[in-house]
Amino acid sequence: MKNIMVPTDFSNNAKKAFQYALFIAARTGTKIHLIHAFTLLENTFIDRKSLRDAWNEEQEHKKRAQLMEMVEEAKQLEPTVEIQTELYIGPTESVLITYAKDHHADLIVMGTQGASRLAAVLVGSVAAAIISGSEIPVLAIPKDYPGNAPTSIVLATDEVDNDDTSHLEIVANLAEDLSIPVKVIMFLNKNESPLSNLDYKEKLHLYAERLRKAFPGITIESETIEGDHFEEDIQDYCNRKGIGILSMITYKRDFWSRIFRPSVTHRMAFHTTLPLLAIDG
């Protein structure tokens, strides 16, 4: 990896995500792009343009100072990490997605506040919007995550028939740079017939073998999980095993599909208690 983009809104959870990105960058020799995007005040009730301009100028100065304060604090933690700050004016989601693409970001690390199920469907969050719209992997750090160093990465997948492993390079790179194993897991509905699940287990074994050949520099294990509820059962598995990062593959879908049938990865971004690496499939 060469570039990690870290969006921030200066909240506590955004700062937690920044610290997580620092941890990764210090061990991978990666440059961090620390980004904040905001919109200008255009309140029609403030009829004097000079007042609006003064307010906007004050806010811009304040936000630049906040960015520099974060950099100074980061230098105390990881003095070797190169950090570039950027302040942009415009809609947050589009600014971030465009910046990440134009500056060849290998990974986006950002905090997520979580939401109720209704809010997740109707409103969402910046993190969920970035996961849905970005072709670049997104590592979402939940607000309740204690900030422990990752000891392993879980790749939860049902794409065991896919021979293309190029989109999983980010998982392999992180695992190799952090010297941690990858656990490839497949969720099986326990209500399926035993014969069907046996077939999936064999496919998972063969898929893990393909990954080992594609990424010989890392340790890859495989395991199936049987249960009734994917989100709850995967979360329980990760908690029991002390997993550091949960990675999942997400796919682009049309507007109405996102409204009425949000993806599993999208839902997990709101409910997981550990870092979620969303990879564009």
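Reader: Which residue in S9 is the bridge partner of Ala 156?

Author: In S9 the partner is Met 248. The model is a predicted one, in which local features need pLDDT of at least 70 and side-chain atom pairs count only at pLDDT 80 or more, while totals for chains, interfaces and linings use all residues. Residues are numbered from 1 along each chain as its sequence is written, and side-chain values use heavy atoms, with hydrogens and water left out.

Reader: In what order do the strands form the open sheet, and why is one side of S3 and S8 left without a neighbour?

Author: The order of the ten strands is S3-S2-S1-S4-S5-S10-S9-S6-S7-S8, with mixed pairing. Strand S3 (83-89) and strand S8 (220-227) are at the edges and have a single partner strand each, so one side of each lacks a neighbour in the sheet. From one strand to the next, the twist averages 25°.

Reader: How do you know whether Phe 10 is buried or exposed?

Author: A residue is buried under 20% relative accessible area, exposed over 50% and partly exposed in between, with a 1.4 Å probe and protein chains only. Phe 10 has 12% relative accessibility, so Phe 10 counts as buried. Phe 10 lies in the loop between S1 and H1, and its phi is near 70°, a positive value in a residue other than glycine. Most residues other than glycine have a negative phi.

Reader: And what of His 104, buried or exposed?

Author: His 104 has a relative accessible area of 61%, so His 104 is exposed. His 104 sits in the loop between H3 and S4, and its phi is near 55°, which is also a positive value in a residue other than glycine.

Reader: Why is Ala 37 classed as it is, and which residues does Ala 37 touch?

Author: Ala 37, found in strand S2, has 10% relative accessibility and therefore counts as buried. Contact requires heavy atoms within 4.5 Å; leaving aside residues up to four places away in sequence, Ala 37 touches Tyr 88, Gly 90, Thr 92 and Val 95. The C-alpha atoms of Ala 37 and Ile 89 are separated by 5.5 Å, although the two residues are 52 apart along the chain.

Reader: Why are H1 and H6 described by the word used for their orientation?

Author: Axes are lines fitted to C-alpha atoms, for helices over the stretch in contact, and angles run from 0 to 180 degrees between N-to-C directions. Angles under 35 degrees count as roughly parallel, over 145 as roughly antiparallel, 65 to 115 as roughly perpendicular and the rest as oblique. H1 and helix H6 (residues 169-178) pack at about 75°, with axes 9 Å apart, and are therefore roughly perpendicular to each other. Phe 23, Ile 24, Arg 27 and Thr 28 in H1 meet Leu 174, Asp 177 and Leu 178 in H6.

Reader: What makes H3 and H5 a case that is roughly perpendicular or oblique?

Author: The axes of H3 and helix H5 (residues 126-133) come within 10 Å and cross at roughly 45°, so H3 and H5 are oblique to each other. The contact involves Thr 92, Glu 93, Leu 96 and Ile 97 of H3 with Val 126, Ala 129, Ile 130 and Gly 133 of H5.

Definitions and conventions:
Pairing = 2+ DSSP bridges. Helix = DSSP H or I, 4+ residues; strand = E, 2+ residues; numbered from the N terminus.
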